[in-house]
Amino acid sequence: MDGLFHIEAQRDDILIFSYVGYKPVEYVVKRHQSNLIISLAENISALEEVIVTGFTEERKLNSISSISQVKLDATLNNKPITSLSQALQGGVTGITVTQSTGLPGGDAAIIKIRGVTMGNLSPLVLVDGIPMNMDNLDPTTIESVTVLKDAAAAAIYGARAANGVIVVKTKRGQPGKIKVSYNGYGGVQKATYMPDFVNAPTYMRMMNEAHKNNGGDPVYSEDAIQKTIDQSDPYKYPDTDWTDLLWKNATIQNHSVSVYGGSSIARFAITGNYMSQTGFVKDFTYDRLNLRANTTVSLRENITVGVDLNVIRGTQHKCSVDGATGAFNPISLLYWTPPTIVGKYLQREGDPNEYYGNYGSSMRNPLAQIEKGGFTENLTDNISVNLQPKWGIIPGLNLAGQFSYQVNSGATKGDRRAVNFFDYDNGQLIATWGNFQPSSTWRSSYYYIGGTVDYTKTFNEKHRLFVIAGVNAELNNSGVWDEYAMQSLLAKANYTYDERYLFEATIRRDGSSRFGPGNKFGWFPSGAIGWNVNKEAFLKEVEWINNLKLRGSYGLLGNENIGAYKYQSTIDPNNGSELIFGNPDISWEKVSMFNTGVDFSIFNNMIDITFDYYDKLTSDIILRPPLSSVGGIGQSDINAGEIRNRGWEFSMNYMQTFGDWKVSAFGGISRNKNKIEKLPGGPYDGGSHIDKEGHALSSHYRYVSNGLLQESDFIQQSDGSYIPKEGIVIIDGQQPGDTRYMDLDGDNMITANDRKVMGNGEPDFNYFANLSLNWKNIDFEIMLQGVSGVDAYYGGAFSDPIGNAATPQTFHLDYWTKDNPDARFPRLTPTSGENGKSSDFWYFDASYCRVKYIQVGYTVPSSFSNKYWVSNLRFFVNLQNPFTIAKENKIDPEARGGDSTYPLSKTYSAGINISF
């Protein structure tokens, strides 16, 4: 029982070490050893899964909150993921994860847990108990990721838990033989969506058509169009494919080296990581260095101290200098620069100047922007130290403390050297870009100190009591003057009777410096009950039911993330007028949430099913109602408004072994609907969006269309003008081929009063499915992820490119003419005019189903690898985002970005895992 042993064995004998509750380990004897250390891993199915809930850990059997644990093997490990937030997409029910850009160094996903509200939607993210940006962490250092979704689970974090909590725990060293491992991969990235622009002759004809429809003369002659087709003079009559000229495949590589081990006195886990990513366009790069050292020292048998150090350096490089005169986003210029412009002329012998084609003013040319526009470089540093002492006073009674310090800093610099651009034909000066070297720095820091005392006791074998209480203080500082603090008290009690009846109560009191006198403190309680029905006598004989738990909870959460000094007014010292109208009564946003659920496991835990229903009401929302322009005062933040999110979540997990085959499948589906229940001063009309009681937050608010106007809707006059027939309501100047709008209020005019609420951009359903197959030493995984019921609309360069001075894509060729009256797009015009109104004519369903990844791996048999002191050797290939099924393919349905959005990527990678 003390772990010591003496065994006599022959060379090549196989020793099997096993213990109840742990996974057996095989060891091949190669030589005489006097100090053989064997570490056994816990057998979770036997010991029952332990869930990390932040301040505490608890067995899944005793958990009565809505908590989901991310399956790291399925979503994170060995996947080409650059930001940890991306790993939550397709791994947990009840959350919406959206990646809006693939920009290197800026591709973190947006996470929403159980719906939306006004203002900040970000959940609280804790890394080893400390708020931190999880996207910069090395994935190989992550031990677990837990999502706390209901009030019972999150109430212990009080005022910061209104949007849910994500708890990340990093790996720590274990006693035993030192283990060295390398995990790395490299790959090629391509855009999930690429614009397919028309060629120059087609563009020229479309421009002529647009000007003709507006009563103007053609822009291009037939002779110019023909010469462009012939390419007899490609410099005078160019046909430039900008994507082919500027776009390239990107690359990604990631390398991690880890050392784990230690003794009963000191354990350590040290990992160094390097990640590098290039972009689709030249000079877009991102590099990240990450060093983490987690150390645990046992001062005595009952006293341990954990000391963690994490250092991160990120370097993002972009072409072009932000804010410089003449600077444009090169991605935007792909859309804005027509194919009739030369990219770059050949260098003339003896002429030191470089010549670029010019469109518009200030040298609008994406190639010139990349080669002569300079660069912007963003450096970010994060250093954190985490000290965690723990004292086991007596069996069951523990005292724990934590002190953390974190500093974040960054510097941004740009560099563009002066350059003159000249006309290739006549040598005249076209534009001058001056020297521009902007720079800026920033810094923020975070301090945390706290302590908890917890007590666990089992009475008479049936009564189990767990109690924890604590106190902590936090201080945040950014810039020179922005500083805010929080002080908190917390307590939680969990009582279990005979493993059948479960009761839990939590309360937290937070005090925040962000609020004024009388409003600084708030109480956040919660309660939960559970019933392990399968432990009852009437189900004990039903052997195929392994778990049947009913649970329910209700609690209050808060949100204090409003910025500093909102309760104070500021005065202009020069004239005594108020600059900022503060509100001394401003207080916490409040969230009340009801949750009920069931956990069901059958057939020896072969199938696990979880279902949750929740009702979440956010009240006292901090907002700024519109004021009359004649009031003489400015807007002020107030507590007003209510938004309700209701929804349900269903997940199922299947695991089974058939001889040499191991099959694992899990999936889930979630539904959430939000509604504004109270909005003082509403509705808030934002043009194409509206916040209105009884409707979803930020609902689409658009004109209703009825196809396109046809010649049959008009009477053509002798001068060629059109008069609408009786009953046809138009906007002055509209002609056949324009969008036909509906007169909803019946006043025979198309006005803003004819707009209508038309859905919203939040999905009705989120779903995912994962399948994992293992056969001997070969493993295979595939994951699907998708959303449905997403209302989206085209705009700008995607709806009317000619009218927005952009280059059309091939799908825009289906435009209205007399010979094509049933076209998808209106007639061409030089400016958008009335066709550019926000209407349901541009609607599309952004539902999609995406193959998130396909991975195949091979593990070299240990009988071979052990000969070379290698305990594990695995090779794998991975395809990430290789396929997407969507109703529309004109745009990436997830990002739904415009003409300035860096596209998402699909990655083809290969890697290796090796341990010594």
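1. On a 1 Å grid over the protein atoms alone, a pocket is an open set of points with protein on both sides within 12 Å along at least five of seven lines, while a cavity is a set of points where a 1.4 Å probe fits but cannot get out. Lining residues have an atom within 4 Å of a point. Grid points are joined across faces, edges and corners, and a volume is the space filled by probe spheres set on the points. The second largest pocket holds about 1200 Å³ of space by this method. Its lining has 44 residues, with Pro123, Val125, Pro131, Met132 and Asn133 the closest to its centre.

2. Two notes on the basis of the values. This is a predicted model, in which local features need pLDDT of at least 70 and side-chain atom pairs count only at pLDDT 80 or more, whereas totals for chains, interfaces and linings use all residues. Residues are numbered from 1 along each chain as its sequence is written, and side-chain values use heavy atoms, with hydrogens and water left out.

3. Helices (H or I, at least four residues) and strands (E, at least two) are DSSP runs, numbered from the N terminus. Elements that give two or more residues to the lining of the second largest pocket include strand 7 (110–113), strand 8 (124–127), strand 17 (375–394) and strand 18 (397–415). This lining divides into 19 nonpolar, 19 polar and 6 charged residues. Here Ala, Val, Leu, Ile, Met, Phe, Trp, Tyr, Cys and Pro count as nonpolar, Asp, Glu, Lys and Arg as charged, and the others, Gly among them, as polar.

4. The model has 9 cavities of 30 Å³ or more, and the largest cavity contains about 230 Å³ of space. Of the 25 residues that line the largest cavity, Ile81, Gln86, Gln99, Gln880 and Asn881 lie nearest its centre. Two or more lining residues come from each of helix 2 (72–75), strand 6 (95–98), strand 47 (848–859), strand 48 (872–886) and strand 49 (905–915). The lining of the largest cavity has 8 nonpolar, 13 polar and 4 charged residues.

5. Rings of Phe, Tyr and Trp (its six-membered ring) pair if their centres lie within 6.5 Å; planes under 30 degrees apart count as stacked, over 60 as edge-to-face and the rest as tilted. The count is 30 aromatic pairs. One of them, phenylalanine 666 with phenylalanine 768, is edge-to-face, at 5.7 Å centre to centre and 65° between the planes. Phenylalanine 666 is in strand 34 (residues 661–678) and phenylalanine 768 in strand 43 (residues 765–775), so the pair ties together parts 102 residues apart in sequence. Phenylalanine 666 is buried at a relative accessible area of 9%, and phenylalanine 768 is buried at 8%. Buried means under 20% relative accessible area, exposed over 50%, and partly exposed in between (1.4 Å probe, protein chains only).

6. Tyr235, Tyr345, Tyr355 and Tyr424 make up one aromatic cluster. The charged end of arginine 348 sits over the ring of tyrosine 424, 3.9 Å from its centre. The criterion is NZ of Lys or CZ of Arg within 6 Å of the ring centre and within 35 degrees of the ring normal. Arginine 850 likewise has its charged end over the ring of tyrosine 848, 5.5 Å from its centre.

7. Two strands pair if DSSP finds at least two bridges between them. Strand 29 (residues 589–602) runs antiparallel to strand 26 (residues 545–559), to which 14 bridges join it. Arginine 551 has glycine 597 of strand 29 as its bridge partner. Strand 29 also pairs with strand 30 (residues 607–619), antiparallel over 13 bridges, and aspartate 599 stands opposite threonine 610 of strand 30.

8. An open sheet of 4 strands, with antiparallel pairing, has the order 35-36-37-42. Its edge strands, strand 35 (684–685) and strand 42 (755–757), each pair on one side only. Strand 35 pairs with strand 36 (residues 689–691) over 2 bridges, with tyrosine 684 opposite aspartate 691. Proline 683, in the loop between strand 34 and strand 35, is joined to glycine 682 by a cis peptide bond, with omega about 0°.

9. Backbone angles deserve a look. Most residues other than glycine have a negative phi, and most peptide bonds are trans. Phenylalanine 603, in the hairpin of strand 29 and strand 30 with 4 residues between the strands, takes a positive phi near 55°. Aspartate 283 has a positive phi near 75° and is partly exposed at 30% relative accessible area. Glutamate 499 has a positive phi near 55° and is partly exposed at 29%.
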